[in-house]
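Subject: Structure handover

Hello,

Here is the structure I promised to pass on. Please open it first, then read my notes below it.

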Amino acid sequence: MRKSIVCDYLVVGAGAASMAFIDTLLTELPSAKIMLVDRKSIPGGHWVDAYGYVHLHQPSIVYGVGSKQLEGNWAKLLFLNWTLPWKHRANKDEILTYFGDFVKDKVSNGQLEYYPNCEYDFAQSPVGNEAHVVTSLSGESYEVTIGTKLVNGVLGECKVPSQCPVQFPVEDGIVLMTPNQLFDSHVAQSANSTSDGRYRGCGSGSDVTTTGKHYVVLGCGKTAMDAVVFLQTVMNIHPTNISWVIPNDVWMLARNKGDPSSLGNALIDNEGDYPKSVLELEKQGLFVRLDPTIAPTKFRFPIIGPEELTKMRLVTNRIRRGRVTGISRSSGKAVMEFGEQEHWTSPVSNDDTVFIHCTSPGPFNGVTHGSHMFGSDREMNLLLLFAPPISASMSCLAYIEAARKNGTLDIDFCQKLSDACEPSGSRGKDGGTNSLLQALFKVMPLDDSWNDVTTLSMVSYQSILNVAIFLAVANRDPLVGLQWMKGNRLSLLSVPGSKCKLYETMSVMAIIGISKLGLPKDLIGMIELLRDRLKPLEGL
């Protein structure tokens, strides 16, 4: 017999997106009852499966949940750890403990029911007000009656190498490791190190040594960058013993200098000129690249510090032949294939060549294509409103949902914006509040559309527009939304000295949107309404 559960919100997925959403929702709707289900045994989402040496890209002060500091007590950081709070970047263990404690707190005060090791099949989602079914991995099932909404917190799930096999053939006998295996192997070998630098074998009685190995890092994303740095700083591998497969060079944000909105703002300042914008950001020290002589072709928000960049540049064995299409053996050596491009042969024997798999898609998992945040009156999808970090978007989505429930959402202005933006505005007419929100807020895609400069520019503009729309409709007074964002530790507007500048930005976009930025004509009417609505924010 199924156990029956009644809740206001059923949230599927206990990762960073759901944590930030739940925290803000309970802050704004403290009487709400939430059921949280997740396949994993502990909260944390992709952090549960991440490699052991991972840290946040960005400072801890803008990640996690709004009600609790991830970086911990500032006095302790300053006087015991000699760390400035805005330079703290939490590691895997700190993040998992943080999310675990958050869930325990909410469960203990009765606001949250947490069901780990459980799954929800969205393909079997019932129609109307029928009960939903949650099934535990052990076979037990629960019948759930949802009072308000089903919340999908797994659509934007970050895909890490330990959960995603490589997408090309690898011949038997090739040594291919995930970053998790690299870390675990290093920890195990360090614990069994002998005085001569060799490592005691486990179980077989044989000795294994890591001296003389050549490491080949596959991928150009942040996971690959972390692996290159880990090999040198922790495993003490000389950079000449590392090769790095770089399918595409990427622009990177300079830590503590650039922020994710930098590109959109630069594009507007430079009237849509992408090459000029990225070079200007580089000149200002906000963008960096691996090789000053090679123009990057991608930007996916990796954040890098100067020490890391220095280590990355020490690796000069860089292989730029596109994506790997296979790894095989020939004449005792490992051979990488690149389709029609020239093959690459390891400088040492196959047995001494170790490939590090860093080719998983990360947050750019592609499954969000065609999805909407406000799916229906009964469903929500936790997708990006604006540029990462992810926590701020999810907190804002929860604030909008709470405003809808509390009656403080400015539905009349939502309709005006929708009416001004034809033909998309027609989708919001007579379709209810969620239909209006769906028509206004556009999802930041996490797929290959970012490969195109024009699309990247449009996504950057939409990210800025989503923030403007949020401030314009979250309350009838845009100052209320701005003050909330400034008081939300997850928002970059909470950083002392930061300014909104959205009134000024909307004013410029209204003038040059069509001629310089390439925005569709039907969007300008909405931008003009946003400009007028946000006039009280001028200079803020």
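F230 is buried, with a relative accessible area of 4%. Buried here means under 20% relative accessible area, exposed means over 50%, and partly exposed lies in between (1.4 Å probe, protein chains only).

Before going further, note that this is a predicted model, in which local features need pLDDT of at least 70 and side-chain atom pairs count only at pLDDT 80 or more, while totals for chains, interfaces and linings use all residues. Residues are numbered from 1 along each chain as its sequence is written, and side-chain values use heavy atoms, with hydrogens and water left out.

Aromatic rings

F230 has a ring partner, Y53: the ring centres are 4.0 Å apart and the planes stand at 10 degrees, so the pair is stacked. F230 belongs to helix α6 (residues 222-233), whereas Y53 is in the loop between α2 and α3, so the two are distant parts of the chain, 177 residues apart. Y53 is also buried, at 11% relative accessible area. The rule for pairs is that rings of Phe, Tyr and Trp (its six-membered ring) have centres within 6.5 Å; planes under 30 degrees apart are stacked, over 60 edge-to-face, and the rest tilted. Helices (H or I, at least four residues) and strands (E, at least two) are DSSP runs, numbered from the N terminus.

How many aromatic pairs does the structure hold? There are 16. One of them is W47 with Y63, an edge-to-face pair with 6.1 Å between centres and 85 degrees between planes. W47 lies in helix α2 (residues 46-49) and Y63 in the loop between α2 and α3 (74-79), so this pair ties together parts 16 residues apart in sequence. W47 is buried at 5% relative accessibility, and Y63 is buried at 4%. W47 and Y63 also belong to one aromatic cluster with Y98 and F99.

R300 lies over the face of F364, 4.5 Å from the ring centre, and the charged end of R533 sits over the ring of F413, 4.3 Å from its centre. The test is that NZ of Lys or CZ of Arg is within 6 Å of the ring centre and within 35 degrees of the ring normal.

Salt bridges

Side chains of opposite charge can pair when their charged atoms come close. A salt bridge is counted when a side-chain nitrogen of Lys or Arg is within 4 Å of a carboxyl oxygen of Asp or Glu, and the count comes to 17.

K213 and D352 form one at 3.6 Å, N to O. This pair links distant parts of the chain, 139 residues apart: K213 is in the loop between β9 (207-208) and β10 (214-218), and D352 in the loop between β18 (341-345) and β19 (353-357). Is K213 buried or exposed? K213 counts as buried because its relative accessibility is 18%, while D352, at 28%, is partly exposed.

R320 and D249 form another, with the closest N and O atoms 2.7 Å apart. R320 is in the loop between β15 (317-319) and β16 (326-330), and D249 in the loop between β11 (242-245) and β12 (250-254), 71 residues apart. R320 is partly exposed at 31% relative accessibility, whereas D249 is buried at 8%.

R318 and D291 also meet in a salt bridge, at 3.6 Å, N to O. R318 lies in strand β15 and D291 in the loop between β13 (287-288) and β14 (298-304), so the pair ties together parts 27 residues apart in sequence. D291 is buried, with a relative accessible area of 14%. Elsewhere, salt bridges that share partners join K222, D226, R255 and E308 into one network.

A sheet and a helix

Five strands form an open sheet in the order β7-β19-β10-β11-β15, with parallel pairing. Strands pair if DSSP finds at least two bridges between them. β7 (175-177) and β15 are at the edges with a single partner strand each, so one side of each has no neighbour in the sheet. Inside the sheet, four bridges join β10 to β11, and V216 has S243 in β11 as its bridge partner.

Helix α1 (residues 16-28) is mostly covered, with eleven of its 13 residues buried. Among them are M19, F21, I22 and L25.

Regards
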